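Biologist: I would like to learn how to read a protein model, one feature at a time. Please give me the general idea first and then the case at hand.

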Amino acid sequence: MESGVAGLGGKVALVTGGSRGIGAAVVERLARDGADVAFTYVNAEDRAKALVADVETLGRSAVAIPADSGSARGVVDAVARTVAELGRLDILVNNAGVFPYGPIEDVSLAELDRTLGIHVRGVFLATQAAVRHMGTGGRVISIGSCFAERVPYAGVTLYAMSKSALVGLTKGLARDLGERGITVNVVHPGSTDTDMNPADGEGADHERTFIALGHYAEPTDIAATVSHLAGDGGRYITGASISVDGGFAA
């Protein structure tokens with residue numbers, strides 16, 4: 001198959017939390033643009049198998065890896081399996097996430113540890129493992145949140161804190177890896193129509209009042225920016241926080 005428009009022919013990507021929502025859209029977009037793609041999932045086995053089939057119809061290889069990003073061993077093993085089955089690793093997309101919501105007084109220690117384990121520790125460990133296999137042209141892209149830039153209502157303190165940590169991580173990694181020609185960026189989606197936050201769900205009308213464009217994003221909107229950063233267009237972008245939020249943070 002010819003290389004895709006983003007210059008991803010011959011590249012291999014790993015997307016964490018890739019079986020549904022934004023993650024699945026990223027998997028499909030990277031495959032359409034020429035990459036072979038591995039992705040992790042936890043519960044959605046049927047969706048994972050269907051996504052593998054979809055990628056294969058595009059003429060690319062796909063590997064679905066059952067792995068919990070809250071497990072230190074899980075994310076590291078996912079990197080190792082990607083390299084073992086697809087031969088290399090050029091692009092890591094740290095997408096796996098949860099959405100804790102509620103008053104700060106109600107946040108349990110277990111919920112705190114779980115959220116930070118997935119959004120911060122898991123991203124750090126996956127990246128640490130992945131960059132050992134990357135050379136010049138390697139890409140690390142993390143999926144943050146518009147709440148890292150603006151928190152317009154109560155109940156999302158833990159989520160906002162955990163996603164904000166990705167900004168510092170991204171800037172530090174950009175310095176650590178720049179001399180090796182590896183770029184590191186974070187993409188901050190706004191309200192996106194997924195199972196986690198459906199555009200017709202409870203509270204969606206309220207969320208739309210904060211969005212300058214007045215409507216939710218589609219997962220493909222986020223995937224387009226990820227693919228740009230992963231391809232030739234992203235070669236001189238690093239250490240950046242890029243909002244794809246319809247003007248939520250405007």
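This is a predicted model: local features need pLDDT of at least 70, side-chain atom pairs count only at pLDDT 80 or more; totals for chains, interfaces and linings use all residues.

Biologist: In what sense do strand 5 and strand 6 pair, and over how many bridges?

Modeller: Two strands pair if DSSP finds at least two bridges between them. Strand 5 and strand 6 pair in the parallel sense over five bridges. Residues are numbered from 1 along each chain as its sequence is written, and side-chain values use heavy atoms, with hydrogens and water left out.

Biologist: How are strands and helices assigned and numbered?

Modeller: They are DSSP runs, numbered from the N terminus: helices are H or I with at least four residues, strands are E with at least two.

Biologist: What is the strand order in the open sheet?

Modeller: The open sheet has seven strands in the order 3-2-1-4-5-6-7, with parallel pairing. Strand 3 (62–66) and strand 7 are the edge strands, each pairing on one side only. From one strand to the next, the twist averages 20 degrees. Inside the order, strand 1 and strand 2 pair in the parallel sense over four bridges, and alanine 13 stands opposite valine 37 in strand 2.

Biologist: Are the residues of strand 2 buried or exposed?

Modeller: Buried means under 20% relative accessible area, exposed over 50%, and partly exposed in between (1.4 Å probe, protein chains only). In strand 2, six of its six residues are buried. Asp36, Ala38 and Thr40 lie on one side, and Val37, Phe39 and Tyr41 on the other, so both faces are covered.

Biologist: Which elements does helix 1 lie across?

Modeller: For angles, axes are lines fitted to C-alpha atoms, for helices over the stretch in contact, and the angles run from 0 to 180 degrees between N-to-C directions. Contact means heavy atoms within 4.5 Å. Helix 1 lies across strand 1, strand 2, strand 4 and strand 6, and runs at about 175 degrees to strand 1.

Biologist: Which residues have the most contacts inside the largest nonpolar core?

Modeller: A nonpolar core is a set of buried Ala, Val, Leu, Ile, Met, Phe, Trp, Tyr and Cys residues joined through side-chain atoms within 4.5 Å. The largest one has 32 residues, and Val15, Val26, Leu30, Val37, Val93 and Val187 have the most contacts inside it. Helix 1 supplies the largest share, seven residues. A second, separate core has 28 residues, including Ala38, Val63, Ala130 and Val140. As for valine 26, its contacts include Val15, Val93, Ala223 and Val226, not counting residues up to four places away in sequence.

Biologist: Is glutamate 28 buried, exposed or partly exposed?

Modeller: Glutamate 28, in helix 1 (residues 21–32), is partly exposed, with a relative accessible area of 28%. Not counting residues up to four places away in sequence, glutamate 28 touches Leu51, Asp54 and Leu58. Serine 69, in the loop between strand 3 and helix 3 (72–86), is buried, with a relative accessible area of 8%.

Biologist: How is a pair of aromatic rings described?

Modeller: The description uses the distance of the centres and the angle of the planes. Rings of Phe, Tyr and Trp (its six-membered ring) pair if their centres lie within 6.5 Å; planes under 30 degrees apart count as stacked, over 60 as edge-to-face and the rest as tilted. By this rule the count comes to seven aromatic pairs. The rings of phenylalanine 147 and tyrosine 159 have centres 6.1 Å apart and planes at 80 degrees, so this pair is edge-to-face. Both phenylalanine 147 and tyrosine 159 are buried. Phenylalanine 147 also forms an edge-to-face pair with phenylalanine 248, at 5.7 Å centre to centre and 80 degrees between the planes. That pair links distant parts of the chain, 101 residues apart: the loop between strand 5 and helix 5, and the segment after strand 7.

Biologist: How many residues does helix 5 have, and what span is expected?

Modeller: The expected span of a helix is 1.5 Å times one less than its number of residues. Helix 5 (residues 157–177) has 21 residues and reaches 30 Å from its first C-alpha to its last, close to the 30 Å expected. The cover over its buried residues includes helix 4 (109–130), strand 5 (139–143), strand 6 (183–189) and strand 7 (241–244).
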